Amino acid sequence: MPIHTPRRTSLFQRSKTLPTNSYRRFTSPVIPTFRYDDGDTVSYDGDDSSNLPTVPNPEEKPVPVPSQSPSQRITRLWTQFSLTHCLKFICSCSFTYVMFLRSKVSRLEAENIILLTRCNSSSDNNEMEETNSRAVVFFSVIITFVLPFLLYMYLDDLSHVKNLLRRTNQKKEDVPLKKRLAYSLDVCFSVYPYAKLLALLLATVVLIVYGGLALYAVSDCGVDEALWLSWTFVADSGSHADRVGVGARIVSVAISAGGMLIFATMLGLISDAISKMVDSLRKGKSEVLESNHILILGWSDKLGSLLKQLAIANKSIGGGVVVVLAERDKEEMETDIAKFEFDLMGTSVICRSGSPLILADLKKVSVSNARAIIVLGSDENADQSDARALRVVLSLTGVKEGWKGHVVVEMCDLDNEPLVKLVGGERIETVVAHDVIGRLMIQCALQPGLAQIWEDILGFENAEFYIKKWPQLDGYCFEDVLISFPNAIPCGVKVAADGKIVLNPSDDYVLKEGDEILVIAEDDDTYAPGSLPEVRMCHFPKMQDPPKYPEKILFCGWRRDIDDMIKVLEALLAPGSELWMFNEVPDQEREKKLTDAGLNISKLVNIKLVHRQGNAVIRRHLESLPLETFDSVSCYFLIDVA
């Protein structure tokens with residue numbers, strides 16, 4: 001078999017040896033065309049249809065391709081030419097646009113590099129300026145914070161410098177500025193009650209501002225954020241734990257410490273205010289907002305029995321209000337009242353600490369709205385007690401609003417009673433308790449069982465005295481008034497013209513408008529006048545007074561007004577009576593005291609004074625007396641109360 005050696009030819013030469021159709025397919029792209037026949041067969045038109053695949057149909061035979069006309073061939077060639085040049089134009093335009101975008105991107109990159117360079121330089125300048133501003137703020141805070149302390153330390157030296165500048169020699173030393181400043185603060189805090197709170201508020205604002213500026217100087221946050229952080233550190237001392245940096249932590253700890261100090265001071269002020277309020281309530285310094293109450297001014301041993309009787313009197317109206325004003329501690333008064341251990345029956349007792357001589361304290365207990373005012377005598381000397389009662393009456397007359405109730409003043413000496421009535425006027429009623437008790441004791445000594453009667457009448461447990469107006473009885477004679485009350489006993493009339501009380505007036509006394517009737521009744525709401533009953537007239541025999549016999553009376557103890565009691569006994573006892581005086585006062589001193597009091601012993605006719613010295617508490621001293629010879633009324637012992 002012969003061996004053929006291939007010739008080496010160039011690409012150009014090989015292209016010339018190819019067929020025409022093959023050369024055309026190499027130089028230009030072939031645009032395939034498809035023809036759709038009536039059936040489902042697809043045929044492909046091209047220059048070399050033999051080299052292209054066809055879509056066979058296994059069920060149908062291939063259809064032969066008809067020959068092309070010249071016009072169709074020209075149309076096909078023109079279409080191929082136009083598409084080729086369009087693709088070339090598009091490629092050239094795309095390449096040109098890509099080169100344009102490439103140049104623009106290069107220019108933008110160059111501009112970006114320039115801008116980055118400029119921004120870096122400006123940020124460096126801003127950082128430098130911000131650093132300088134933070135440093136200025138930091139040193140300003142330190143200087144303004146330390147400067148007041150330095151000024152306060154060397155405050156006293158300023159006066160010396162001022163004197164040196166003036167070149168004056170002052171022999172008299174001025175008060176140091178520190179003392180003046182301390183005095184001014186003391187006066188400010190004393191005069192203005194809200195000065196402490198304002199000072200605390202100012203200190204809080206200063207701490208927040210200084211702390212915020214310090215945080216701004218040592219951290220990278222803004223001024224507003226630094227001020228807010230400063231407030232949070234002041235309000236909550238534990239919120240500074242997330243700070244980063246030594247300077248920020250030091251400033252945060254300082255602000256938190258100042259906040260704790262401020263809040264501790266605020267708690268102290270609040271605690272003091274609450275304590276003062278509680279102490280004011282506890283000590284009875286608050287105002288009494290009552291009306292139609294009974295006001296008792298002063299404190300004495302008689303207060304217990306007085307409160308008991310007032311409670312019984314107010315029982316019918318469901319209780320009342322009694323206000324006590326005395327120069328004692330409120331808690332002590334309440335404790336002493338609780339020791340009485342009796343039922344107040346709905347009556348409220350309000351104690352207030354103060355002086356009845358001060359108008360502010362009188363207004364504090366609503367003296368103008370009181371229904372009745374009772375001035376108790378003190379346990380001091382009789383003259384001192386009456387002098388104090390007189391001063392209380394003067395204080396009452398000085399109340400601008402006045403008072404609507406009547407005033408009852410307890411006196412100790414009968415000689416001082418006209419002076420109090422002169423100062424107080426007609427609205428003042430005086431009770432000389434010492435004299436009244438002495439007279440009652442004498443009557444009880446002469447009439448066995450009279451003490452129980454006085455106790456029932458003068459108290460509120462049983463029947464007592466009441467005075468009230470009854471307009472329907474105006475124009476009645478007193479003898480008709482006596483039988484007009486089925487549940488009360490009329491005893492007298494309070495005349496409206498002069499305000500005096502007439503006991504047991506004549507039967508033909510006619511009641512006038514405004515007159516009040518004095519009765520003995522069980523309570524003020526248990527009696528009322530009724531229709532006049534029919535009275536059958538009859539004759540009553542006249543009773544003769546029983547004869548008087550000499551009596552032997554024993555007085556144990558000594559009283560300041562014993563001379564008045566001796567005068568009363570002189571008028572009541574029969575001639576030949578004896579008055580034994582048993583006490584620890586020496587005999588000669590007794591006669592001297594009686595003489596100084598105005599008693600003329602030599603003019604005593606009905607009684608004879610017998611003096612014995614001893615102590616009535618000691619039994620052997622009493623056994624030395626002839627106790628069996630005294631009358632029964634001599635069992636009432638008088639204790640020295642003067």
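This is a predicted model: local features need pLDDT of at least 70, side-chain atom pairs count only at pLDDT 80 or more; totals for chains, interfaces and linings use all residues.
In an unreviewed entry, it lists residues 135-155, 197-218 and 250-274 under "transmembrane region". Two of these segments may be compared with the model itself. Over residues 197-218 the chain is 100% helix and 0% strand, with 31 Å between the end C-alpha atoms. Residues 250-274 are likewise 100% helix and 0% strand, and here the end C-alpha atoms lie 36 Å apart.

The next topic is how helices are arranged beside one another. Two packed helices are described by the angle between their axes and by the distance between the axes. Consider helix α6, which spans residues 195-218, and helix α7, which spans residues 223-235. Their axes are 8 Å apart, and the packing angle is about 130°. Angles of 65 to 115 degrees count as roughly perpendicular and those over 145 as roughly antiparallel; α6 and α7 are therefore oblique to each other. The crossing of α6 past α7 is right-handed.

Which residues of α6 and α7 meet? On the α6 side they are T204, L207, I208, V209, G211, G212, L215 and Y216. On the α7 side they are V223, A226, L227, L229, S230, W231, F233 and V234. Sorted by class, this contact of α6 with α7 comprises 12 nonpolar residues, 4 polar residues and no charged ones.

Helix α7 also packs against helix α8, which covers residues 246-282. The axes of α7 and α8 come within 7 Å and cross at roughly 50°. Because of this angle, α7 is oblique to α8. The crossing of α7 and α8 is right-handed. From α7, the residues S230, F233, V234 and A235 take part in the contact, while α8 contributes S252, I255, S256, G259 and F263. By class, the contact of α7 with α8 holds 5 nonpolar and 4 polar residues, and no charged residue.

The last topic is the aromatic side chains. How many aromatic pairs does a search of the whole structure find? The search finds 7. One of them joins Y97 and F100, whose rings lie 6.4 Å apart, centre to centre. The planes of the Y97 and F100 rings are 35° apart, and the pair is tilted. Y97 and F100 both belong to helix α3, residues 70-153. Within α3 they are 3 residues apart, about one turn of the helix.

Key: Residues are numbered from 1 along each chain as its sequence is written. Side-chain values use heavy atoms; hydrogens and water are left out. Axes are lines fitted to C-alpha atoms, for helices over the stretch in contact, and angles run from 0 to 180 degrees between N-to-C directions. Helices (H or I, at least four residues) and strands (E, at least two) are DSSP runs, numbered from the N terminus. Angles under 35 degrees count as roughly parallel, over 145 as roughly antiparallel, 65 to 115 as roughly perpendicular and the rest as oblique. A crossing is left-handed if the near helix is turned anticlockwise from the far one by less than a right angle, and right-handed if clockwise. Contact means heavy atoms within 4.5 Å. Ala, Val, Leu, Ile, Met, Phe, Trp, Tyr, Cys and Pro count as nonpolar, Asp, Glu, Lys and Arg as charged, and the others, Gly among them, as polar. UniProt positions are given in the numbering used here, feature names are shortened, and annotations may be inferred rather than shown by experiment. Rings of Phe, Tyr and Trp (its six-membered ring) pair if their centres lie within 6.5 Å; planes under 30 degrees apart count as stacked, over 60 as edge-to-face and the rest as tilted.
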